[in-house]
Amino acid sequence: RLDALLVGFRHLPEQEAIQKIDSLLKSHTGDLLPIVEFGNESMHRGQYELAGFIYAAWARRLPATAPAWSNMGAALNKQRRMEEASEVLQHSVAIDSTNANVFINLAGVFQELGKFQDALRASLQAVKLNPKSALAFNNLCSALADLQMFDEALHACETALMLEPSNEFAQ
């Protein structure tokens, strides 16, 4: 029943879907997985405010769940709410510092905020946690270039290309 209800929300304008989800969450005490999956679908559809709303509700309901905070940070990033995204992603790291994707997102946010040393630290941690991530090496390349460390930046981009030859950023 919940899945069918959520399918009906897909075609609603974003603000109307947020209102419906809000009402649903007030009465729903069961498993949040279908709602979280709807949030993931919303991110893929470019409905970042709706996705962020769902992830924030997830984080309120289960505050020790790092992916809830990480996903909320990614949604805030997509909404260009960088300061908030930074805070939320750092909170996710405080809960679980082993997720490379959180550090990848955090590095991008720090770069947007002009915090290049922080972007470098986050990128290095992402590479350490997932040395096969072309995206982590892309972020490392950007952070190094922003710090005018061009030889190191070139090496990071080359590594990204080795990991993912079709990587447009690294090319």
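Q: What share of the 171 residues in the protein is buried, and what makes a residue count as buried?
A: In this predicted model, 46% of the 171 residues are buried.

Q: What makes the secondary structure of the protein α-α-α-α-α-α-α-α-α-α when read along the sequence?
A: The protein contains 10 helices and 0 strands, and the pattern along the sequence is accordingly α-α-α-α-α-α-α-α-α-α. Taken along the principal axes, the C-alpha atoms fill a box of roughly 55 × 30 × 25 Å.

Q: How much of the accessible surface of the protein belongs to carbon and sulfur atoms?
A: Carbon and sulfur atoms account for 53% of an accessible surface of about 9,200 Å².

Q: What share of the contacts with a separation of 6 or more joins residues 24 or more positions apart?
A: The share is 47%.

Q: Why is serine 92 called buried?
A: Serine 92 has a relative accessible area of 0%. The cut-off for the term is under 20%, so serine 92 is classed as buried. The residue sits in helix H6, which spans residues 82–95. Not counting residues up to four places away in sequence, serine 92 touches Ala66, Trp69, Ser70 and Val102.

Q: Why does leucine 89 count as buried?
A: The relative accessibility of leucine 89 is 0%. Since buried requires under 20%, leucine 89 is therefore buried. Leucine 89 belongs to helix H6. Leaving aside residues up to four places away in sequence, leucine 89 touches Ser70, Gly73, Ala74, Val102, Asn105, Leu106 and Val109. Between leucine 89 and alanine 66 there are 8.9 Å in space, C-alpha to C-alpha, and 23 residues in sequence.

Q: Why is lysine 20 called partly exposed?
A: Lysine 20 has a relative accessible area of 38%. The class lies between buried, under 20%, and exposed, over 50%, so lysine 20 is partly exposed. Its place is in helix H2, residues 14–27. Lysine 20 touches Phe9 and Leu12 when residues up to four places away in sequence are not counted.

Q: Why is arginine 80 called exposed?
A: Its relative accessible area is 53%. Arginine 80 lies in the loop between H5 and H6, and its phi is near 65 degrees, a positive value in a residue other than glycine.

Q: Why is glutamine 148 called exposed?
A: Glutamine 148 has a relative accessible area of 61%. The term applies over 50%, so glutamine 148 is exposed. Glutamine 148 is placed in the loop between helix H9 (134–146) and helix H10 (150–163). Although not a glycine, glutamine 148 has a positive phi of about 60 degrees.

Q: Which residues touch the most other members of the largest nonpolar core, and what makes a set of residues such a core?
A: Ile21, Tyr55 and Met72 touch the most other members among the 55 residues of the largest nonpolar core. H4 gives the most to this core, with 8 residues. The set is called a core because buried nonpolar residues are joined through side-chain atoms within 4.5 Å. In soluble globular proteins, nonpolar side chains tend to be buried together. Tyrosine 55 touches Val36, Gly39, Asn40, Met43, Ala68, Asn71, Met72 and Ala75, not counting residues up to four places away in sequence.

Q: Which residues line the largest pocket, and what makes a residue part of a lining?
A: The lining consists of Asn40, Met43, His44, Tyr48, Tyr55, Asn71, Ala74 and Lys78. A residue belongs to a lining because one of its atoms is within 4 Å of a point of the pocket. Helix H3 (33–44), helix H4 (48–61) and helix H5 (66–78) each supply at least two residues of this lining. The lining residues divide into 4 nonpolar, 3 polar and 1 charged, and about 160 Å³ of space lies in the pocket.

Methods: Residues are numbered from 1 along each chain as its sequence is written. This is a predicted model: local features need pLDDT of at least 70, side-chain atom pairs count only at pLDDT 80 or more; totals for chains, interfaces and linings use all residues. Side-chain values use heavy atoms; hydrogens and water are left out. On a 1 Å grid over the protein atoms alone, a cavity is a set of points where a 1.4 Å probe fits but cannot get out, and a pocket is an open set with protein on both sides within 12 Å along at least five of seven lines; lining residues have an atom within 4 Å of a point. Grid points are joined across faces, edges and corners, and a volume is the space filled by probe spheres set on the points. Helices (H or I, at least four residues) and strands (E, at least two) are DSSP runs, numbered from the N terminus. Ala, Val, Leu, Ile, Met, Phe, Trp, Tyr, Cys and Pro count as nonpolar, Asp, Glu, Lys and Arg as charged, and the others, Gly among them, as polar. Buried means under 20% relative accessible area, exposed over 50%, partly exposed in between (1.4 Å probe, protein chains only). Contact means heavy atoms within 4.5 Å. Accessible areas come from the Shrake-Rupley method with a 1.4 Å probe; for residues, only the protein chains shown count as cover.
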